[in-house]
Every structure is written in structure tokens, then in C-alpha cells.
Amino acid sequence: MGSNGKLVVPDNPIIPFIEGDGTGVDIWKASVRVFNAAVEKAYEGKKKISWMEVYAGEKPFNLFREKMGDKAWLPDETVEAFRDFLVGIKGPLTTPVGGGFRSLNVALRQLLDLYTCLRPIRYFQGVPTPVKKPEDVDVVIFRENCEDIYAGIEWMTGTADCEKVVRFLISEMGVNKIRFPESSSIGIKPISRDGSQRLIRAAIQYALDHKRKTVTIVHKGNIMKFTEGAFKDWGYALATSEFRSRVVTERESWIINNQDRNPVLSVKENARMIDPGYDMMSPQQQDDIRSEVEAALTLLPTHGNGQLKKLLMIKDAIFDITLQQVLTRAKEFDVVATMNLEGDFLSDALAAQVGGIGIAPGANINYVTGHAIFEATHGTAPKYANLDKVNPGSVILSGVMMFEYLGWQDAADLIVKTLNRTIGQKRVTYDFERMMQGATLLSCSGFADALIENM
């Protein structure tokens with residue numbers, strides 16, 4: 001990581017990889033051939049990746065469990081390799097049953113503080129989907145990776161620790177909303193200002209760098225006001241302080257547009273226009289709305305007279321409404337910043353609209369330190385292991401993200417172009433072939449062959 005906050009990438013980087021469990025072995029063998037072919041084609045030998053295998057999941061557990069016990073699921077050397085080499089890639093991993101980790105994926109994210117789960121979701125022409133206009137989906141999700149209920153701070157009912165927590169909440173904190181305290185397990189949901197703002201900062205910077213039009217902060221702040229509501233408020237505060245000249249909030253745009261259309265509009269009249277319930281509000285609420293209008297009007301010199309149309313818009317949406325609107329009006333979502341649980345649900349729901357998580361890529365990134373692990377977003381599907389059958393698209397597209405992160409855009413673009421061409425030829429793996437008329441069924445390795453041929 002350079003002193004300017006930009007990644008310094010040599011022409012011959014060493015990149016650690018975990019091939020993955022179950023189908024991961026087949027998928028990695030196919031994907032790495034596509035990666036190497038794309039780099040060779042794009043750079044004619046001037047750039048090359050040296051792949052270094054590191055271990056996590058069933059493979060090291062089977063090899064080293066007698067010596068290492070549960071630590072064999074994720075050896076310290078693997079974590080250190082990702083820490084030392086900054087950028088890596090992995091296939092799907094088994095969640096240990098009774099092992100030392102609830103999830104190896106979550107463990108890697110937390111150990112390396114990979115606070116952003118980046119999920120770009122877009123449609124490839126010809127992929128069978130359950131929606132009428134899958135081409136409307138082109139969304140990049142920034143999901144907070146280290147906080148929320150995924151932090152795993154919880155206690156099982158019936159244990160002494162859980163009883164202690166319940167007793168503290170009731171006796172010391174005056175909590176009276178636990179309906180069945182004797183049989184309740186308890187979990188804690190930490191959402192911090194620092195964690196929220198570093199994620200939203202990364203989302204806004206990404207949107208500006210990639211000339212996106214909007215960043216939507218997705219939350220459930222109408223119910224969880226001090227966690228999810230704070231996430232939203234901290235996001236707006238960051239956007240309007242650190243990026244003031246380059247962004248406009250949605251409500252600011254309403255106020256400024258109202259004033260542009262009618263320059264003699266009073267503050268109160270403008271307030272009534274942006275909040276139709278203004279006259280039914282308390283005096284304090286009305287004061288707050290008028291203050292909001294007055295603050296937005298100070299932006300007229302830089303944001304008025306249509307200037308805001310050139311700026312990045314920051315807006316927010318309630319999570320349950322978002323799940324509906326990504327179906328009914330997908331074009332309105334561009335870059336999304338959200339928390340851990342909502343991001344998990346939303347990214348998979350959107351992936352279904354463009355053909356499923358079988359071709360959905362993902363990345364876990366710390367934009368401050370430069371650490372990044374790119375990964376398949378689907379499971380291990382052990383019943384298909386070693387059958388050379390499944391779609392390698394998720395790892396291949398995760399590799400595209402990796403090349404973009406490295407600044408090797410030519411290789412990334414070549415793979416995307418080749419995927420479009422190959423799927424357009426209806427040369428696909430079984431998951432797509434069974435839903436496409438006149439398609440040619442290819443194995444996992446055969447799909448890689450077709451991609452390389454089309455380069």
C-alpha cells in the first residue's frame with residue numbers, strides 16, 4: 001500500500017489462493033486457466049501472476065488435524081500469507097461442524113479487518129432468470145463485514161452466562177421487553193460510528209471513481225433507531241462533510257429544485273413541499289424542517305440552477321421497501337451501502353434476479369490497509385464435488401474484480417467480454433443449459449475451454 005493510499009502492484013505479483021472445498025477444486029482448476037489466459041492475451045507476457053496455494057477448510061483439516069486440532073481448519077500461516085501479500089482469492093469453504101470457527105469466511109474477514117464485502121451484481125445477456133427485465137440490474141453493494149449481529153456476540157438460553165445477561169438487562173438496565181426471559185437466547189448488535197463511516201466512505205469514493213449516479217444507504221432505522229438509524233445518520237454526516245462539493249442528498253435536491261423553480265418561495269413554503277405533514281408536526285419538528293431547508297439553501301451557489309445534476313446523489317431506503325423496489329424499479333439502485341445482515345439478504349436476492357449466486361462474485365476489502373480477498377459467493381455443493389460439472393462463473397468474476405483492484409483493467413475487460421460472448425453462444429454449464437433453449441451443455445473445464453477459445 002503506497003503512502004498515497006493507492007495499491008502498488010508489480011508486473012509479477014505473488015497471489016495466495018485457497019482452492020476451496022467440495023466443488024471448489026473443479027472451479028479453481030477451471031478459473032485459474034482463464035485468469036492466466038486473460039493476462040497472457042492482454043499483456044503479451046509483460047505481466048504474469050505467480051499463484052501460491054495456502055490452506056483453509058477440509059483440505060488442511062484432513063492433512064493436519066492430528067497435529068493442529070481445530071486450528072487446522074484455518075492455519076495461522078494462511079492468515080499471515082494473506083496479511084503479508086495483501087491480495088488473495090479463494091473458492092467456497094465448508095463451515096466446520098463443531099470446529100473452532102463458526103465460519104471460516106467470517107473468521108478471515110474479522111482477523112484481517114476486511115470491513116467491506118463488495119458485491120457487484122449485473123446481468124449477462126442470455127443468462128436465464130426469473131424476472132422480466134434482468135438487464136435493469138446493475139448494482140454494487142457495499143456490505144459492512146465486521147459488525148452487526150454477525151459479530152457473533154450471543155449467549156444460549158439455559159447457560160449461566162445467558163442468565164447473567166438477562167438478569168443484568170432486567171435489573172440494571174430496566175429492560176421490560178424480553179417477552180420470555182427464562183427461555184430467551186440473547187444476542188448483541190454493535191453498530192459503530194467508525195465502522196459505519198469507513199464503509200460508507202468507501203462506497204461514496206467508489207461511486208465517484210466509477211462515475212455512478214447514486215449511493216443508497218439501506219437500513220431499518222425506523223425500528224432500530226440507535227443502531228440502524230445511526231448508521232444512516234452517520235452516513236449522511238460523512239457525505240456532507242467529507243464530500244460536500246461532490247454530493248447532494250436527495251432531500252437537499254428537493255429543496256434546491258423547489259427554489260430553482262420558484263426563487264421567491266419562502267422557507268416555510270418549501271418546508272411544506274418537502275414534508276406534506278408539516279402542519280401536523282410539533283413546533284420543534286417544524287423548526288427542524290425549516291433549519292434543514294435553510295441549510296440546503298446555502299448550497300444554491302454551488303448546487304443550484306441545475307448544477308446538482310452533475311453531482312453524486314446520496315439517499316436512503318428502508319430495507320423491506322428496498323427488497324420490493326429492487327424488483328419493481330431496479331434502475332433506481334446504483335451503489336448501495338448497508339449493514340451486515342441486510343447486505344447478506346439483499347445481495348443474494350439481487351443475484352437471483354440476474355441468474356443466481358452461481359455467477360455472483362464477491363470481495364472482502366480493507367480500503368485503508370489494502371488487504372483484499374476475492375471469493376466465490378456460493379457454497380461448496382459437495383454432492384457435485386469432483387464431477388467437473390458446476391459453473392465456475394462466481395470465482396471467474398471474482399477474479400475480474402481482483403484484476404480491477406490490481407489496476408489490470410485490460411485483463412478484467414477481456415474476461416467480461418469473453419463471458420458475454422460465450423453465454424451468448426449458449427455454450428454453458430448444466431445450471432444454465434437446463435433453462436435455455438438450444439444450449440450446448442459444457443462441463444466446468446469445458447466452459448473454461450470455451451472462454452479461452454473466445455479470447
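A: Two strands count as paired if DSSP finds at least two bridges between them. The model discussed here is predicted.

Q: In what order do the strands of the open sheet lie, and which of them stand at the edges?

A: The open sheet holds 11 strands in the order 2-1-3-13-12-4-5-11-8-10-9, and the pairing is mixed. Strand 2 and strand 9 (247–249) stand at the edges; each has a single partner strand, so one side of each lacks a neighbour in the sheet. From one strand to the next, the twist averages 25°.

Q: Which strands does helix 6 touch as it packs on the sheet?

A: Helix 6 (residues 193–209) touches strand 4 (116–122), strand 5 (138–144), strand 8 (214–219), strand 9, strand 10 (312–318) and strand 11 (335–338). The direction of helix 6 makes about 160° with that of strand 5.

Q: Where does helix 7 lie?

A: Helix 7 (residues 228–242) lies across strand 8, strand 9, strand 10 and strand 11, and runs at about 160° to strand 8.

Q: Which residues form the nonpolar patch on the surface?

A: The patch consists of Tyr55, Leu63, Phe64 and Met68, which together have about 330 Å² of accessible area. Tyr55 is located in the loop between strand 2 (50–53) and helix 2 (58–68). Tyr55 is partly exposed, its relative accessible area being 30%.

Definitions and conventions: Residues numbered from 1 in each chain as written. Predicted model: local features only at pLDDT ≥ 70, side-chain atom pairs only at ≥ 80, totals over all residues. Heavy atoms only, no water. Patch = residues over 30% accessible without salt bridge, like charges linked within 9 Å, V, L, I, M, F, W, Y side chains within 5 Å. Areas by Shrake-Rupley, 256 points an atom, 1.4 Å probe, with all protein chains shown as cover. Salt bridge = Lys/Arg side-chain N within 4 Å of Asp/Glu carboxyl O. Helix = DSSP H or I, 4+ residues; strand = E, 2+ residues; numbered from the N terminus. Buried < 20%, exposed > 50% of the residue type's maximum accessible area, 1.4 Å probe, protein only. Axes fitted to C-alpha atoms, helices over the stretch in contact; angles between N-to-C directions. Contact = heavy atoms within 4.5 Å.
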